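Here is a brisk report on one protein chain.

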Amino acid sequence: MDAILKFPDIDGSMLAPAGGKAVNLGVLTRAGLPVPPGFCVTTEAYRAITAGLGDVTDPAVARKHILDATIPAALARAVVEALPGGPVAVRSSATAEDLPYASFAGQQDTFLNVVGPEAVLDAVRRCWASLWTDRAVAYRESNGIDHRTVSLAVVVQRMVESRTAGVMFTANPVTGRRRQAVIDAAPGLGESVVSGAVNPDHFVVDPDSGRVLERRPGDKLLAVRPVPGGGVVHERAAASGEPCLTDGELRELAALGARVEELYGAPQDLEWAFDQAGKLWLTQARPITTLFPVPGGHRGEGLRAYFCFSVAQGVFRPFTPMGLAAARAVSAGVSGLFGFPVAAPLAGAPAFAAAGGRLFIDVTGVLRSRVGRAVVPRVFDVMEARSARVLRGLFNDPRLSVTRRSVWPFARRVAAITLRHGVPVTFVRALADPAGAERRVRRQADAHLARLAPPTGASLTERVDHVARALIGQVVPIAPRAFPVAAAAVPMLLLAARLLKGRVAPGELQTVLRGAPRNVTTEMDLALWALAQRLRRDPAVAARFLSEPPARLAREPLPAPVRDFLDEYGHRAVAEIDLGLPRWSEDPTHVIGMLANYLRLEDPALAPDVLFARGVAEAEAMIEELAGRVGGLRGRVVRFALGRARELVGVRELPKFLIVRIFAALRAQLLDVGRELAGRGLLDAPGDVFFLTLAEAKSGQDLRGRVAERREVHERELRRRHVPRVLLSDGTEPEALASGGAAEGALTGSPASPGQVTGVARVVLDPVGAHLEPGEILVCPSTDPGWTPLFLTAGGLVMEMGGSNSHGAVVAREYGIPAVVGVPHAVERIRTGQTVTVDGTAGTVA
């Protein structure tokens, strides 16, 4: 391979010898786009210079080695002979640069206006060394890139003496809106804009019409300009309100951006410059790595709106491919329940969509329906208040105007479903006998589980088909049998509130719901606390749980009481609605970590069973107080209604508990399929089956390469920190559009569990291995039952997601800890160690 490659000679096949940025410049040059001429010093030269480093990963040692190295004479001669006339820019081009998921923008060094052969060679050496800056090393580590696999080419380009330069995104990086050119510009070299040293002019342009949608002038107090002898100078300038780009130049820029985006098939982050003669040059193109992918496969024309079901369920991590496949199959069952059979069930219901490994539901029909607008946001008010606010914000978008106004088709369909599944009877029986209603639901679930065993002697294909049929037909029927039991609590609360006629203060009805019985998740948490107390009675066992890493203990034989707990609750997991994730019975690391947390709790007053009993007492006392406020017959009705609400509200956790039992049974069957595929050499390990779809699992093909690719994508998505709650098909995130109106520093959400507490915040993104000191305020994105053991030691709760009836809110009320949910960006705006006051009655965090 030649040591020097001109841009037209570089293509994608030369990624390793040329580096990411150099390949991009080669592609742009061949496409006829205006790229300043130049060449790259290939990665072979870098590898020769660093051959003596071996496995050294210390950045300071690596930098010194490279800076002290001598450039071989032949390479130096080749660089000098290839130099274009005049000053040049010397820029890094690492093989791990400009990747679809990590741009590495600014991580290595650039040297501008380099004049003379000796200065160029010195800049090349310093550019090589910049692969080992502390920031570049940290960036690689955060993206899971092995330092030893990365090499660096060096780009040498003719300098553009720019009159105006800057950055352009071909999609809006704040709102996510595709097909919008977002331009930042300033006089002089683009370095002032790229480095953030100047407040630039800001423009948003529609590339299709050329219309300027937004103008925001900057003060442009600093300009970076070339010095005749080499190097640059930072010049102070007088503030100017005059834009540095004309409307014609903005249209030219937007059109160029559209051409580059079309060339790469994805939104791009571009650097550009207008020279002194007014010619536009393109100096860099890289993918925008921060945009959330748009859900694919939406039906119909026009704008679509998607609601993120994953986030609503407290699952921010990506689903495994098998988890997504299972969700698709279940969605087909849901669609059939509502009278819309799906022709290809494994493809999922028409409203099902996926993006970034997360589950989305197309809610365009909801927004276009008068009934949908009236009903769905009200449901979300108590389940996921932030999403309710976002959906209501779309009501005024003319692209999503109401097209279905009659309520009768919806009413007839709901009536047919409720009658077919006996919902009214279930509802009435639940009110008459809550305990009996719960027992019936559990018996029905047991009957479903009994039908899950695959046929004796079934082939691999038959076993996979059996799992698919179970997902489509056995999961969904639990819902209309179980949900009405918990839903019966709602009219009881409404009746009591009406009879009290304003004689109830904010938070008092929530107090009534503390310590509610029949909540399977609460029962599980208290069983885990009781297990910790059993372990505490054996000092040697307790010492091991406190001192040894949970992952190590999970690989060893567990004490009998722990095994008993896993026999009862081992089907549960963190993010348990993903069928592809291990259950606690397979990997008890999380359970062991929670037991260690409980063993550290020394204050008897903070014991979870004590707190729960206190919640029960407070709830019963509140019922008596509220009944006494109205007295007589009305008071007796209030007492009955609130008592029934307490009896029924805890059952809200039961449907999911039963569905997860089914998932665990089906997961075990798929693991058997994985063992057979691994035995045939089609997979490397049985667990790899969860990186396939149901159809692939029975294909008989060698799927190891596909699994490896999907694991890599999954690992990348695990690092994604932001997942939109609602997303439009043009890429816009409506919540980002609305967030500008929030007061500076405001931390408000929905009141979820009354009371006020001040404590030290602990931000937790993943409950596995999390440690929470007694009394600390748990700040998290959302929760599912895998999180709730942390509640036992928490002094309060702040969640980004949820409404007053979401999982975290219900459990917080039962444990009597103040909670505020639906707090935007809580995990970013609150820091671990910060003292905060949670007011669960007002819905504020201060």
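Glu712 and Arg716 both lie in helix H31 (residues 704-718). They are four residues apart, so about one helical turn separates them. In this predicted model, the two side chains form a salt bridge, with the closest N and O atoms 3.6 Å apart. Glu712 has a relative accessible area of 46%, so it counts as partly exposed. Arg716 is partly exposed too, at 25%.

Some salt bridges share partners. Arg91, Asp269, Glu271 and Arg286 are joined in this way into one network.

## Salt bridges across the sequence

The structure holds 46 salt bridges in total. One of them joins the side chains of Arg163 and Glu249, at 2.7 Å from N to O. This pair links distant parts of the chain, 86 residues apart. Arg163 sits in strand E6 (residues 162-171), and Glu249 sits in helix H9 (residues 247-264). Glu249 counts as buried, at 13%.

Another salt bridge brings together the side chains of Asp362 and Arg304, at 3.0 Å from N to O. Asp362 belongs to strand E16 (residues 358-362). Arg304 belongs to the loop between strand E13 (280-287) and strand E14 (305-308). The pair therefore ties together parts that are 58 residues apart in sequence. Asp362 is buried, with a relative accessible area of 13%. Arg304 counts as buried as well, at 16%.

Strand E21 (residues 796-799) is covered on both faces. Gly796 and Val798 are buried on one side. Leu797 and Met799 are buried on the other.

Which strands pair with E21? Strand E20 (residues 777-780) pairs with E21 in the parallel sense, over four bridges. Ile777 has Gly796 of E21 as its bridge partner. Strand E22 (residues 819-821) also runs parallel to E21, and two bridges join them. Here Val798 stands opposite Val820 in E22.

## Arg762 in strand E19

Arg762 is placed in strand E19 (residues 756-763). Its relative accessible area is 24%, so it is partly exposed. Arg762 and Leu772 are ten residues apart in sequence. In space, their C-alpha atoms are 7.1 Å apart.

What does Arg762 touch, leaving aside its neighbours within four places in sequence? Its contacts are His771, Leu772, Glu773, Glu776, Ile777, Leu778, Val779 and Thr832. Ile777 is the bridge partner of Gly796 in E21.

## Cysteines without disulfides

How many disulfides does the structure hold? The count is zero. A disulfide is a covalent bond between the sulfur atoms of two cysteines. For Cys308, the closest cysteine sulfur is in Cys780, 16 Å away.

Cys308 counts as buried, at 1% relative accessibility. Cys244 is buried too, with a relative accessible area of 13%.

## A nonpolar surface patch

Val375, Val379, Val382, Met383, Phe410 and Val414 make a nonpolar surface patch of about 430 Å². Helix H13 (370-383) and helix H15 (408-420) are the elements that give two or more residues to this patch. H13 gives the largest share, with four residues.

Phe410 has its place in helix H15. Its relative accessibility is 44%, so it counts as partly exposed.

## Ser151 in a loop

Ser151 lies in the loop between helix H7 (134-142) and strand E5 (152-158). Why does it count as buried? Its relative accessibility is 9%, and buried means under 20%.

Ser151 is in contact with Thr43, Tyr46, Arg47, Ser93, Ala94, Thr95 and Leu131. That list leaves aside its neighbours within four places in sequence.

Key. Residues numbered from 1 in each chain as written. Predicted model: local features only at pLDDT ≥ 70, side-chain atom pairs only at ≥ 80, totals over all residues. Heavy atoms only, no water. Patch = residues over 30% accessible without salt bridge, like charges linked within 9 Å, V, L, I, M, F, W, Y side chains within 5 Å. Areas by Shrake-Rupley, 256 points an atom, 1.4 Å probe, with all protein chains shown as cover. Salt bridge = Lys/Arg side-chain N within 4 Å of Asp/Glu carboxyl O. Buried < 20%, exposed > 50% of the residue type's maximum accessible area, 1.4 Å probe, protein only. Contact = heavy atoms within 4.5 Å. Disulfide = S-S within 2.5 Å. Pairing = 2+ DSSP bridges.
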